[in-house]
Amino acid sequence: MNCLNSKYRHTDRSQYTCFLYLNSHLFLKSCLCYTEPQNLTDVLEFFLLGFSEDPELQPVIFSLFLSMYLVTMLGNLLILLAVSSDSCLHTPMYFFLSILSLADIGFISTTVPKVILDIETHNRVISHVGCLIQLSFFNLFGCLDSVLLTVMAYDRFVAICYPLHYPVIMNPRLCSLLILISFLISLLDSQLHCLMMSQLTFCINVEIPHFFCDPPQLLKLSCNDTSTTKIFMCFLGAIFGGIPVSGILFSYTRIVSSILRVPSTGGKYKAFSTCGSHLSVVILFYGTGLGVYLSSTISHSPRKDAVASVMYAFIVPMLNPFIYSLRNKDIKSALQRLLNRKAQS
């Protein structure tokens with residue numbers, strides 16, 4: 001049971017202290033307020049402050065976010081069409097790339113449509129359940145991106161280090177199994193984060209200085225002790241983030257070692273060019289993620305953290321299809337053939 005009426009906004013910035021009373025038969029949460037408490041209700045809503053409350057900037061932000069979303073959708077859908085329509089791309093590498101495009105579409109769709117809708121309707125309220133759903137899907141697709149990049153690094157490792165055994169090792173059954181495992185790992189990560197966030201209590205209708213339900217912001221605004229939750233989140237980050245990074249580093253260590261043993265310069269270039277696009281996406285994904293983390297650690301401005309998160313949540317899914325299409329001759333050829341067929345029909 002929430003402590004205040006869901007329509008109440010804490011404009012007076014009153015201080016609240018929450019106490020939790022637990023026994024084996026009863027859970028009771030009450031708030032002691034320095035001002036007269038409002039009616040109690042079971043509904044809790046969050047208010048997403050976004051980037052700016054300046055009315056003159058809203059059309060600019062709306063146009064920018066809508067453009068990025070449409071470009072991202074178009075780019076990733078073109079990758080999916082190219083891979084599915086061209087038999088030359090029916091290989092494990094491009095199968096994983098098509099799944100990565102689906103994950104990118106889901107990743108950006110968890111946040112951008114809500115931002116666009118909020119600006120259009122002038123309503124930035126999100127329910128407690130809606131907030132949990134949003135952060136659950138955000139973690140699901142974000143973790144799926146990370147694990148898929150590890151799977152793709154393993155695919156390049158097998159292709160370069162064991163080229164003669166590649167068709168046998170990377171068979172359709174193993175590829176499907178890797179995708180299933182990636183999804184289950186991501187689902188576990190998202191549900192653990194959702195479970196932790198659902199245990200938080202809030203004494204007031206919370207203003208989140210972000211454009212989506214960011215877990216670190218929710219931890220800061222919670223009125224109960226979050227030290228254990230923070231430790232557990234760091235542990236999850238080390239497991240679900242550290243293991244994929246370790247897998248990528250191991251794969252590329254072996255790849256570089258194998259390429260250096262190639263005698264000709266042309267052979268080295270050809271071998272490295274097969275994983276150049278993937279390496280670029282890995283650097284972009286983890287580089288922006290690290291940048292967001294460092295920004296939130298160094299900067300004490302929530303609005304600056306929100307701007308930094310744009311690089312991770314919006315720019316990465318938008319640039320991924322362009323990196324693969326511009327640096328990959330097979331994708332460019334497939335897209336050209338697809339456009340030619342559409343033009344002739």
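**Figure 1. Lining of the second largest cavity.** M93, Y94, L97, M152, R156, T274, C275, S277, H278, Y324 and N328 line the second largest cavity of this predicted model. The volume of this cavity is about 60 Å³. At least two lining residues come from each of α2 (92–109), α4 and α10. Helix α2 gives the most, with three residues. Sorted by class, the lining of the second largest cavity has six nonpolar, four polar and one charged residues.

**Figure 2. Lining of the largest cavity.** Three cavities of 30 Å³ or more are found in a search of the whole structure. The largest cavity has a volume of about 110 Å³. Its lining is made up of L48, G50, F51, S52, Q58, I61, V115, D118, I119, R124 and F211. The elements that give two or more residues to this lining are α1 (58–85) and α3. The largest share, three residues, is that of α3. The class count for the lining of the largest cavity is six nonpolar, three polar and two charged residues.

**Figure 3. Helix α3 and the residue H122.** Helix α3 covers residues 112–121, and its buried residues include V112, K114, V115, I116, D118 and I119. V115, D118 and I119 also belong to the lining of the largest cavity. Just after α3 comes H122, with a positive phi of about 60°. H122 takes this positive phi although it is not a glycine. The residue lies in the loop between α3 and β4 (125–127). H122 has a relative accessible area of 73% and is therefore exposed.

**Figure 4. The aromatic pairs of F212.** The structure holds 14 aromatic pairs. One of them joins F138 and F212, whose ring centres are 4.6 Å apart and whose planes stand at 35°, so this pair is tilted. The pair links distant parts of the chain: F138 belongs to helix α4 (residues 128–161), while F212 sits in the loop between β5 (206–208) and α7 (215–221), 74 residues apart. F138 and F212 are buried. F212 also forms a tilted aromatic pair with F211, at 5.0 Å centre to centre and with 50° between the planes. F211 is buried, as is F212. F211 is also one of the residues that line the largest cavity.

**Figure 5. The aromatic cluster.** One aromatic cluster is formed by F65, F107, F138, F211, F212, F285, Y286, Y312 and F314. Among its members, F138 and F212 form a tilted pair. F211 and F212 form another tilted pair.

**Figure 6. The largest pocket.** The largest pocket has a volume of about 1400 Å³. It is lined by 36 residues, of which P216, M233, G237, G289 and Y293 are the closest to its centre. At least two lining residues are supplied by each of α4, α6 (172–198), α7, α8 (227–260), α10 (276–298) and α11 (302–327). By class, the lining of the largest pocket has 19 nonpolar, 12 polar and five charged residues.

Figure 7. I179 is found in helix α6. Its relative accessible area is 16%, under the 20% cut-off, so I179 is buried. Leaving out residues up to four places away in sequence, I179 touches F95, F96, I99 and L148. Not counting residues up to four places away in sequence, S186 touches L140, C143, L144 and V147.

**Figure 8. S251 in helix α8.** S251 has its place in helix α8. This serine is buried, with a relative accessible area of 4%. Apart from neighbours within four places in sequence, S251 is in contact with A153, Y154 and F157.

Figure 9. The average pLDDT of the protein is 80, and 84% of the residues score at least 70. Over residues 1–43 the pLDDT stays under 50. For residues 1–43 the model has 77 contacts beyond four places in sequence.

Conventions
Residues numbered from 1 in each chain as written. Predicted model: local features only at pLDDT ≥ 70, side-chain atom pairs only at ≥ 80, totals over all residues. Heavy atoms only, no water. Phe/Tyr/Trp six-rings, centres within 6.5 Å; stacked < 30°, edge-to-face > 60°. Helix = DSSP H or I, 4+ residues; strand = E, 2+ residues; numbered from the N terminus. Buried < 20%, exposed > 50% of the residue type's maximum accessible area, 1.4 Å probe, protein only. 1 Å grid on protein atoms, 1.4 Å probe; cavity = no way out; pocket = protein on both sides within 12 Å on 5 of 7 lines; lining within 4 Å. Points joined across faces, edges and corners; volume = space filled by probe spheres on them. Nonpolar A, V, L, I, M, F, W, Y, C, P; charged D, E, K, R; others polar. pLDDT = per-residue confidence, 0-100. Contact = heavy atoms within 4.5 Å.
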